[in-house]
Amino acid sequence: MHIFNNLGEAWLYGLREIMNHGELVLDDSVRVRDVSLKGLTSKLSNFTSNSKDLKLRLKEIRGYNIKIYNISRNDDIINKYADADRILYTIKRYGNDCGENGYGEFLRGKNNEKVKSIIDKLQHNKNSKSAIIISPSEWGGNFGKSPCLTAVNFLVRNNKLLMYVFYRSQNIYTKQPGNLLALDQLHEEIAKSISVDKGPMELYVCSAHIYECDFEKVSIILESERGALEDERKKDRENL
């Protein structure tokens, strides 16, 4: 497991690890929404002849595990490189006003009853090991497949609310920033409700991946960050 102070550092690490060490695989059950909010672009059309189902190559790391201590909308790296529209879209899909086929209903319940049950459980027993929300095995909002988000578990230890998040699959480039920012809102909400501090979030992803159509964009981000780091090191040497 790798530990990070903020979301931006964790995101860059994931992009770098997958691009450098990911295994190339073919996914023949991808939907347009999984890759692009704007539907098929000219770049995506190079990979498919069908506007609903895509057959795309991706780089994948299995058993991806990280811990993040601070997740914030005011993250310089996320604000500089991540897709703001995708982040807003994802956060809305995790909320009470998620609309049809959003994550909010199975995560929170129709009337927020799942979140209330977590709060009640931890208020009555802060040492509980069973404050967990588990996704359905099939879900219409994911075309009959189980949601990518599989389970969210909460533990109170040393007067801090720890959050453990399990994904069967996560697109690190397009979806991780919005996914974790949305879950951080839930983390904060429950911590405040039971009057404890918010602790770190630990993430486990069975298939952490980036699609081939995004390889070039990810490479540009990583090259830009590498150049910025080299500039900082040069300035440090000059100031010695």
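1. Val165 is found in strand β6, where helices (H or I, at least four residues) and strands (E, at least two) are DSSP runs numbered from the N terminus. Val165 has a relative accessible area of 1% and is therefore buried; buried means under 20% relative accessible area, exposed over 50%, and partly exposed in between (1.4 Å probe, protein chains only). Not counting residues up to four places away in sequence, Val165 touches Leu149, Ala151, Val152, Leu183, Met201, Glu202, Leu203 and Tyr204, contact being heavy atoms within 4.5 Å.

2. The model is predicted: local features need pLDDT of at least 70, side-chain atom pairs count only at pLDDT 80 or more, and totals for chains, interfaces and linings use all residues. Residues are numbered from 1 along each chain as its sequence is written, and side-chain values use heavy atoms, with hydrogens and water left out.

3. Strand β5 (residues 149-157) pairs with β6 in the antiparallel sense over eight bridges; two strands pair if DSSP finds at least two bridges between them. Within this pairing, Ala151 stands opposite Phe166 in β6. The hairpin of β5 and β6 has two residues between the strands, and Asn158 takes a positive phi near 55° there.

4. Strand β6 (residues 160-171) also pairs with β7, in the parallel sense and over 10 bridges. Met163 has Met201 as its bridge partner in β7. Together, β6, helix α8 (residues 176-193) and β7 make a right-handed β-α-β unit; a crossover is right-handed if, with the strands pointing away from the viewer, the path from the first strand over the helix to the second runs clockwise.

5. How far is strand β7 (residues 197-211) enclosed by the rest of the structure? It is largely enclosed, because 11 of its 15 residues are buried.

6. Ser169 is likewise placed in strand β6. Its relative accessibility is 13%, so Ser169 counts as buried. Leaving aside neighbours within four places in sequence, Ser169 is in contact with Cys148, Val205, Ser207 and His209.

7. Tyr64 belongs to strand β3 (residues 53-70) and, at 4% relative accessibility, counts as buried. Beyond residues up to four places away in sequence, Tyr64 touches Ala10, Tyr13, Gly14, Ile172, Gln176, Leu203, Tyr204, Val205 and Ala208. Gly14 is 50 residues from Tyr64 along the chain, and their C-alpha atoms are separated by 8.7 Å.

8. Asn112, which is not a glycine, has a positive phi of about 65°. Asn112 lies in the loop between α6 (104-108) and α7 (113-124) and is buried, with a relative accessible area of 14%. Ser195, also a residue other than glycine, has a positive phi near 60°. Ser195 lies in the loop between α8 and β7 and counts as exposed at 62% relative accessibility.

9. On the surface, Met1, Ile3 and Tyr69 form a nonpolar patch with about 310 Å² of accessible area together. Ile3 lies in strand β1 (residues 2-6). Accessible areas come from the Shrake-Rupley method with a 1.4 Å probe, and for residues only the protein chains shown count as cover. Patches are made of residues with over 30% relative accessible area and no salt bridge, like charges being joined within 9 Å and nonpolar side chains (Val, Leu, Ile, Met, Phe, Trp, Tyr) within 5 Å. A salt bridge is a side-chain nitrogen of Lys or Arg within 4 Å of a carboxyl oxygen of Asp or Glu.
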